[in-house]
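Try each task before you read its solution.

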Amino acid sequence: MALYFLLLLPLLVQVTWSEYTPDWASLDARPLPPWYDQAKFGIFLHWGVFSVPSFGSEWFWWYWQGAKWPKYVKFMNDNYPPGFTYPDFASEFHAEFYNPESWAKLIANSGAKYVVLTSKHHEGFTLWGSNCSWNWNAMDVGPKRDLVGPLAAAVRKRGLHFGLYHSLFEWFNPLFHQDKATGFKTQTFVKQKTLPELYEIVLKYHPEVIWSDGDVAASSSYWNSKEFLAWLYNSSPVKVAFGTISFLYRTTLRESTGVGSNFMNIYKWLLSHCGLFEFWYLQDLMRTVSCGGNYLLNVGPTAEGWIVPSFQSVLQAVGTWLKVNGEAVYGSSPWRAQNDSTTPAIWYVATIVCIVPRIQFIDKVIPIMGCYKDDINDP
């Protein structure tokens with residue numbers, strides 16, 4: 001379970017807007033987009049070449065050939081011939097059953113209000129035909145088609161917001177390691193790979209969310225973060241029409257301290273989670289929302305393009321619960337206290353009290369979440 005802090009940008013509707021300058025004081029002044037604060041719940045789709053071995057996590061390549069974790073090395077030795085390389089997996093990434101319409105329908109039925117797709121993870125493989133990733137993209141190898149655009153269209157048709165994850169660095173890209181060897185005094189990788197791709201996905205897909213992490217030990221100056229964000233806010237196609245969220249990739253996260261209620265009034269925060277049991281999600285969802293955050297639930301499609309039944313059942317169960325209790329989630333605001341210290345299972349939002357009673361059922365303690373209205377608007 002990972003906690004990520006996000007710099008949030010606004011949904012602007014005015015004919016004119018502020019001119020943001022490439023410095024953190026100006027960029028941080030951009031307010032929270034109303035749609036994002038009201039949405040509360042989204043789906044994070046991790047999909048890429050790592051979906052082929054489907055072992056461990058999306059960090060498979062690094063754990064196998066970077067960190068050389070024994071269980072990953074053993075997995076490859078047991079299942080693949082000597083000399084098999086990670087790029088060899090790409091030809092097996094067919095996505096032949098990929099149906100963005102069915103994905104979008106499932107996500108909409110889950111109650112999620114936005115989607116974030118991994119357009120490129122740290123492996124460097126892009127799910128669109130990137131002009132900067134020759135023969136390591138979904139148009140040149142594997143699916144042989146754009147995987148991003150059709151999903152963007154499908155989710156927007158259902159009234160959902162669409163966003164993209166894009167990794168700043170790449171584990172084994174030689175250009176990145178050349179820059180790293182100079183102490184990041186050169187920017188060859190940034191100028192030839194990262195920034196061109198970021199501009200490309202904004203201009204091509206108009207994402208309403210940009211989640212870009214993987215700054216490693218390099219400063220925001222190396223990544224040209226401030227300059228890119230100033231362009232995004234002032235001149236890009238999403239400057240007015242879309243609210244945009246950008247990962248806070250500064251020199252460090254030193255300016256982003258605190259979590260939960262202590263963090264609510266500084267930056268919006270996000271809890272990203274994956275698992276198999278809906279009651280985990282419901283507890284984490286309400287805990288996160290009560291503390292002023294958004295909840296992003298991870299789903300990992302298969303290399304063939306399926307969302308497996310276990311994930312489907314979780315999404316459907318969460319959607320069923322939200323149809324009844326969505327008033328306690330969507331558009332809610334943190335109350336003056338988030339949690340009852342004497343009854344830890346109770347979490348509060350403005351005008352709603354949410355309770356997770358613990359009941360005995362077939363010899364298992366199952367948390368069930370329910371909500372009821374209560375007058376808690378007293379000053």
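A polar contact here is a pair of N or O atoms within 3.5 Å, where one must be able to donate a hydrogen and the other to accept it. Keep in mind that the model is predicted.

**Exercise 1. Find the residue that caps the N-terminal end of α5.**

Solution. Start at helix α5, which spans residues 100-109.

**Exercise 2. Work out how the buried residues of α5 are arranged around its axis.**

Solution. First list them: Pro100, Trp103, Ala104, Leu106 and Ile107. Seen down the helix axis, these residues fall within an arc of 165°, so they line one face of α5. Then recall that an α-helix has 3.6 residues a turn, so residues three or four places apart point the same way. Finally, check the partners: the buried residues of α5 pack against β2, β3, α6 and α13.

**Exercise 3. Decide whether Ala95 and Asn135 are buried or partly exposed.**

Solution. Take Ala95, in the loop between α4 and α5, with a positive phi near 55°. Its relative accessibility is 0%, so Ala95 is buried. Now take Asn135, in the loop between β3 and α6, where phi is near 60°. At 39% relative accessibility, Asn135 counts as partly exposed.

Definitions and conventions
Residues numbered from 1 in each chain as written. Predicted model: local features only at pLDDT ≥ 70, side-chain atom pairs only at ≥ 80, totals over all residues. Heavy atoms only, no water. Helix = DSSP H or I, 4+ residues; strand = E, 2+ residues; numbered from the N terminus. Buried < 20%, exposed > 50% of the residue type's maximum accessible area, 1.4 Å probe, protein only. Arc of directions from axis to C-beta. Contact = heavy atoms within 4.5 Å. Polar contact = N/O pair within 3.5 Å; in protein donor to acceptor, adjacent residues only side chain to side chain.
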